[in-house]
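Please read them beside the sequence and the coordinates.

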Amino acid sequence: MLMAPLTVEVRRGAVAQLGALLADSRVATSGRVAVAVGAGQGDHISSLIAATLGEAKVFRVPDGSVDAAVSLGADLRKGAFEAVVGIGGGKTIDVTKYAASLTGIPMVAVATNLSHDGICSPVSSLEHEGGKGSFGVPMPLAILVDLDFVHGAPPSLVRAGVGDVISNLSAIEDWQLGNVERGEPIDGLAVAMARTSAEAVLGRGDSIESDAFLTVLAESLVLSGMAMVIAGSSRPSSGGDHEILHAVDQLYPGTSNHGELAGIGAAFCFFLREDERRLSLVTGCLRGHDLPVTPGDVGLTAEQFTAAVMLAPSTRPGRYTILEHLRLSEAEVRDRVEEYVRALGH
């Protein structure tokens, strides 16, 4: 049986539907619901939902850390809430997902940004003393994406969602490589959903100014998250591309956001595969949405990116990707990085 959210709603004004959704007895029987909002748009969101949710207790999420999630989880337990609504961007939703899992209550995601596929994924990416880690959590029970809020989010963060969903194409290649080389089982439905979500965005001529594009991007990010739920891991949406981004996060924190780094990682992995057709499609899509393509586009030197590629396999031990398959030496990686920059740099 396929696990799926009760509701996936993508439109302008979706937040107004929140009250009706939470009245559903499958979400909360007595209506005792908490709301977690991010620091950025917290006051504005709280005022908008006040009429809809009445006396719902609102908690502020200060950042995207494990500490913030544990603190929110403790507050949820003390209040004996039946469900929690996370309203905000990726950090707020990731913190709320983890807090809900600690408390053992369902979580409803209301996305105000489309920066990555965390909207619906069974993973929370949270900061801690050692950097950033990925934590397994249940998928949100329901998902609303309010396009009014998305239009108000920083454009660079919304565009970043394109990079994250496009990287599925590289992750799928890596999964299939793991199947051929290591006999790793593949879930065909997870692959189909992850691939479909990427292909839906890949060839479009419009961008984030259009409601039609944002709707497809939101649906693609939800499908990508569901693919991970079906697979029971992040395999359909995370391969060598994400290993590289996690290594960049570890070595050079604050370089760029998740989606932008995933896009660069995917493009570099297609370059390593010598798949010129896919490389051209992926880089064309990234550039079409003003997303970075080369390390220099996010302020990394060839040496720094080489160091990240060398560290990348250790960020996901046991995962077989093109990086583990080629087993390039540091000198070979540096040569490939320099070739990549020459081929794709402006």
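What volume does the second largest pocket have?

1. The second largest pocket has a volume of about 210 Å³. On a 1 Å grid over the protein atoms alone, a pocket is an open set of points with protein on both sides within 12 Å along at least five of seven lines, and lining residues have an atom within 4 Å of a point. Volume here is the space filled by probe spheres set on the points, which are joined across faces, edges and corners.

2. This is a predicted model, in which local features need pLDDT of at least 70, side-chain atom pairs count only at pLDDT 80 or more, and totals for chains, interfaces and linings use all residues. Residues are numbered from 1 along each chain as its sequence is written, and side-chain values use heavy atoms, without hydrogens and water.

3. Lining the second largest pocket are 13 residues, and Pro106, Pro138, Met139, Pro140 and Leu141 lie nearest its centre. Helix 4 gives the largest share of this lining, three residues (helices are DSSP runs of H or I, at least four residues, numbered from the N terminus). By class the lining has 11 nonpolar residues, one polar and one charged; Ala, Val, Leu, Ile, Met, Phe, Trp, Tyr, Cys and Pro count as nonpolar, Asp, Glu, Lys and Arg as charged, and the others, Gly among them, as polar.

4. Helix 4 (residues 90-103) also packs with helix 3 (residues 66-79), at an angle of about 45° and with axes 8 Å apart. The angle makes helix 3 oblique to helix 4 (under 35 degrees is roughly parallel, over 145 roughly antiparallel, 65 to 115 roughly perpendicular, the rest oblique). The contact holds 11 nonpolar, three polar and one charged residue.

5. Helix 13 (residues 302-311) and helix 15 (residues 330-344) pack at about 125°, with their axes 9 Å apart. Helix 13 is therefore oblique to helix 15. Ala302, Glu303, Phe305, Thr306, Val309 and Met310 of helix 13 meet Glu330, Val333, Arg334, Val337 and Glu338 of helix 15. Four charged residues take part, with six nonpolar and one polar.

6. The whole structure has one cavity of 30 Å³ or more (a cavity is a set of points where a 1.4 Å probe fits but cannot get out). About 70 Å³ of space lies in the largest cavity. Its lining includes Gly88, Ile93, Asn113 and His116, and divides into four nonpolar, seven polar and no charged residues.

Notes:
Axes fitted to C-alpha atoms, helices over the stretch in contact; angles between N-to-C directions. Helix = DSSP H or I, 4+ residues; strand = E, 2+ residues; numbered from the N terminus. Contact = heavy atoms within 4.5 Å.
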